[in-house]
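Visitor: I am new to this structure. Please take me on a close look at how its parts meet, and then show me a few single residues along the way.

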Amino acid sequence: MFKVLSYSFMPCPNFLKPRASFKVQKDAIGTRTLLNVQKDAIVCGTRTKVARNPNMERLPNNYLFPEIEARQLEHEKKYPDAQVISLGIGDTTEPIPDVITKTMSDYALSLSTLEGYSGYGAEQGNKALRLAIAQKLYPDLAVKDTEVFVSDGSQCDISRIQLLLGSKVTVAVQDPSFPAYIDSSVIIGQASDLQPTTGKYQNIEYMKCVPQNNFFPDLSNASRTDVIFFCSPNNPTGHAASREQLEQLVEFARENGSIIVYDTAYAAYITDKSPRSIYEIPGAREVAIEVSSFSKSAGFTGVRLGWTVVPEELLYSDGFPVVHDYNRIMCTCFNGASNIAQAGGLECLSTEGVRALCSKVDYYKENAQILLDTFSSLGLKAYGGVNAPYVWVHFPGRRSWDVFSEILQKTDIITVPGCGFGPGGEEFIRVGAFGHRETILEASTRLKSLFL
Amino acid sequence: MSLMNQLLTSISSSSSALLGQDHLFLTRPKNVVLPSKKSGLCKCIAAPSTEKTAYKTKVSRNENMGKLQAGYLFPEIARRRAAHMLKYPDAQVISLGIGDTTEPIPEVIASAMAKRSNSLATIEGYSGYGAEQGEKLLRAKVASTFYANLGIEEDDVFISDGAKSDISRLQVLFGSDVTMAVQDPSYPAYVDSGVIMGQTGRYQNNVGYAHIEYMKCTPENGFFPDLSAVSRTDVIFFCSPNNPTGSAASRDQLSQLVQFAKDNGTIIIYDSAYALYMSDDTPKSIFEIPGAKEVAIEISSFSKYAGFTGVRLGWTVIPKELQFSDGFPVAKDFNRIVCTCFNGASNIAQAGGLACLSPAGLEGMQEVIGFYKENTRIIVETFQSLGFNVYGGKNAPYVWVHFPGQSSWDVFGEILEKTHVVTTPGSGFGPGGEGFIRVSAFGHRANVLEACRRFKELYK
């Protein structure tokens, strides 16, 4: 059946090289881990004449989260008996409510029946799901189902949005921010070179978000860019922008003719009256794309489901609707989110699904509160944790990789060094609130013993 | 109050029609002839007129998007089909256009996915983020099932949500400065993704996009390009068995291709999505050709084997030996792309993939493939009996029918109008497809037989 005709070939003597090793090197901006790729490149055999994409060369390091994972593996290898607790990568840990998994399970089984089978779905997503997202997650905000594009998650959507926008647009990000905005910008060719002295890319506008400015950038000092990536509730700082702040942001975008790419992956975690969608702000429909996800509200980090809203009113400078081009991208570069995941998504938005998910979100929020209390009791300034499942802890005067390493070494807890999110994250550590309660409590105990 | 709490209160007052989502989502109309799964949601139109007073941003439209000629091909076909169904609401439309699978997924595979779904509700079974490159077991199984004895290992395999997404990620990897060659005709995603990335110039009618090297594949050259007439490009997209022509390149031809790539320092992106449809001993993987590991990437998919067109699962193989001109391994950059621009295929789909590659799964897939191959045989026979020159159909689920001297969109339109059968016009696959119609063999047997009956009526 899978007959592979045998043939003889001459293997190259240096056939296999082990995976590149991770070396910690200090550079001008602090301790970074570099994937030492040049040394470990395969040297035998014929090279092609295809030049490496120079944009890829502009990414000096691994993507942040695989880097964290590598550190964890290294630590576990070194200390095989250690009970490592991961509060690093924001990975959900609690099971998905069975009302949702049962729907996915039933749907999967139905695919083996004549009546239930379906093949290609619409690239933009299942109609009922698009409608449910529009009506239930954007009630009274006039979002149409035709403006909702279901996807396999925000990380993919961010890259597709970059593909849409092209290499010539200028981009602003919060500093610190979720690394995919910057990395995807570099890959698509918007960002130019990394400046070693500042740790910033030449063509990216970094909008500092620090305690002093209440984690909202001073827009009067910000240069115009075509695109502004804005995440609220924020990863990593945990800050949810207020209505007033978002009104300023929308006004800023309108004055500058910019497009906001607004990431609301953590909207479900909002506790207070902070807006859950940029479209709550008048005028936002003409300046903003909104990206969101089922990952952190439904535990769908592995199932893969998200969506992007592109309002009809959002127009390029020549009047062409952005939504038409985004639709073309989705039809050409994507083939729809998994139908099983979409069935799950629809169930997530049912009455019972919403109820069940609320309690999961509350569980993580309680974790966050425990962590907040822990750090406060230690006299450390901890931000976030109220509207987001992240606690952003300040270690004034210290390098974040050093703090990361110390915490790991002494308590076997993985966190994320703030500078992984940009230069504005230096001196901070991000602690994730995803984990089983016992784990969070154990982590708190260890942290207390370390810092007291 | 959290968003979810807000949802709760708003849902309780919403109409009950909305809460019956189960039936909205799961029910399919029960006609023998199935209505469109894509109900014309894509509005592939030129720039609409906007009011003078409409607010515009100051962001320039990506000029690459402006180069694209109308919509992507298959939503266009779907749109035409939907329009036709509106025009003739009583017509029993049969779709042999978009290559969409119609037969159920083998039970052993669907059960595995059901099982994985249920396990996500348990503490022991729950998993969050998976490795972006795919689950280890699945990567290993793909390597051992499809690439045994070819020196392809687990970590050369990158699991994805399908070939279409992989093609774009490969384009992002290579960047805007590479030059590309495609077969002509070819699966539209290669060209369109290249245009979007900025690798091409403008489109010229009947010629194609500037800067793309179109390698004509016609009956005259046995659907294999005359490589002596092909200019060097950085990348060559090559699909075998071919969509749309159905032609499978021989060992000899592939050896020529690999040699050509070696001589030119070119990278072949080899699309083997239909490999298991082969009826003979033609190579199923480019890596069967000595030396290919230094010049080729292979992409493939579970879509047409397991009916996973909606489930979404595929893979890309990048050998360790494949290097850029500076010696940097291509796989390392692809890994970086996969970690940054992607977050793994759905874990449930991957569980399905693993079941696909179990003995029972393989058997199940062979049955499904066999079914579609029988469909193909019926279609080939039909057109041959009508005196047409028919190509493909032996090694792929596509039949490539020649209508010399005619515009393929016209033939498409006539067939649709007179028989209510949707096909795909050859020119949708490139200038080299003009004068041909692609008939896909995915369909319930009754529909395929009925379609063939109607073809016989029309062309007798």
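Guide: Let us begin with a term: buried area is the accessible area, taken with a 1.4 Å probe, that two parts lose on being put together, summed over both. Please keep in mind that what you see is a predicted model.

With that term in hand, look at the place where the two chains meet. Chain A and chain B bury about 12400 Å² between them, and carbon and sulfur atoms give 60% of that area. On chain A, 146 residues take part in the contact, and they meet 141 residues of chain B. Between these two chains there are 6 salt bridges. One that you can find for yourself joins the side chains of Arg52(A) and Asp333(B), with 2.7 Å from N to O. Which helix of chain A gives the most to the side that touches chain B? That is α4, residues 98–110, with 9 residues. Sorted by class, this side of chain A holds 65 nonpolar, 47 polar and 34 charged residues.

The chain is divided into domain 1 (14–50), domain 2 (69–95 + 353–451) and domain 3 (98–351). Between domain 2 and domain 3 of chain A, the C-alpha centres are 25 Å apart. Here 28 residues of domain 2 of chain A are in contact with 39 residues of domain 3 of chain A. The two domains of chain A bury about 2600 Å² between them, with 61% of it on carbon and sulfur atoms. How many salt bridges are counted between domain 2 and domain 3 of chain A? The count is 0. Polar contacts are there, however: 18 residue pairs between domain 2 and domain 3 of chain A, both residues at pLDDT 80 or more. On the side of domain 2 of chain A that touches domain 3, at least two residues each come from α12 (351–377), β13 (381–384), β14 (390–394) and β17 (428–432) of chain A. Of these, α12(A) has the largest share, 8 residues. By class, that side of domain 2 of chain A has 15 nonpolar, 9 polar and 4 charged residues.

Ala191(A) sits in the loop between α7 (179–188) and β6 (194–195) of chain A. Its relative accessible area is 0%, so Ala191(A) is buried. Leaving out residues up to four places away in sequence, Ala191(A) touches Ser185(A), Val186(A), Tyr201(A), Gln202(A), Asn203(A) and Ile204(A). Lys49(A) is 142 residues from Ala191(A) along the chain, and their C-alpha atoms are separated by 26 Å.

Ser293(A) belongs to strand β11 (residues 288–293) of chain A. With a relative accessible area of 6%, Ser293(A) is buried. A polar atom of the Ser293(A) side chain lies 2.8 Å from the backbone nitrogen of Ser295(A). Beyond four places in sequence, the contacts of Ser293(A) are Ser154(A), Ala265(A), Leu305(A), Gly306(A) and Trp307(A).

The backbone deserves a look too. Most residues other than glycine have a negative phi, and most peptide bonds are trans. Arg304(A), which is not a glycine, has a positive phi of about 75°. You will find Arg304(A) in the loop between α9 (295–298) and β12 (306–309) of chain A. Asp140(A) also has a positive phi, near 65°, and its place is the loop between α5 (127–137) and β4 (148–151) of chain A. Are these two residues buried or exposed? Arg304(A) is buried, because its relative accessible area is 4%, whereas Asp140(A) is exposed, because its relative accessible area is 81%.

Finally, follow the chains to two cis peptide bonds. One runs from Asp175(A) to Pro176(A), with omega near 15°, and Pro176(A) is in the loop between β5 (171–175) and α7 of chain A. Another, from Asn243(B) to Pro244(B), is cis with omega near 15°. Pro244(B) lies in the loop between β7 (235–239) and α10 (251–264) of chain B.

Technical notes:
Residues numbered from 1 in each chain as written. Chains lettered and ligands numbered in written order. Predicted model: local features only at pLDDT ≥ 70, side-chain atom pairs only at ≥ 80, totals over all residues. Heavy atoms only, no water. Domains from an automatic or database assignment. Contact = heavy atoms within 4.5 Å. Salt bridge = Lys/Arg side-chain N within 4 Å of Asp/Glu carboxyl O. Polar contact = N/O pair within 3.5 Å; in protein donor to acceptor, adjacent residues only side chain to side chain. Helix = DSSP H or I, 4+ residues; strand = E, 2+ residues; numbered from the N terminus. Nonpolar A, V, L, I, M, F, W, Y, C, P; charged D, E, K, R; others polar. Buried < 20%, exposed > 50% of the residue type's maximum accessible area, 1.4 Å probe, protein only.
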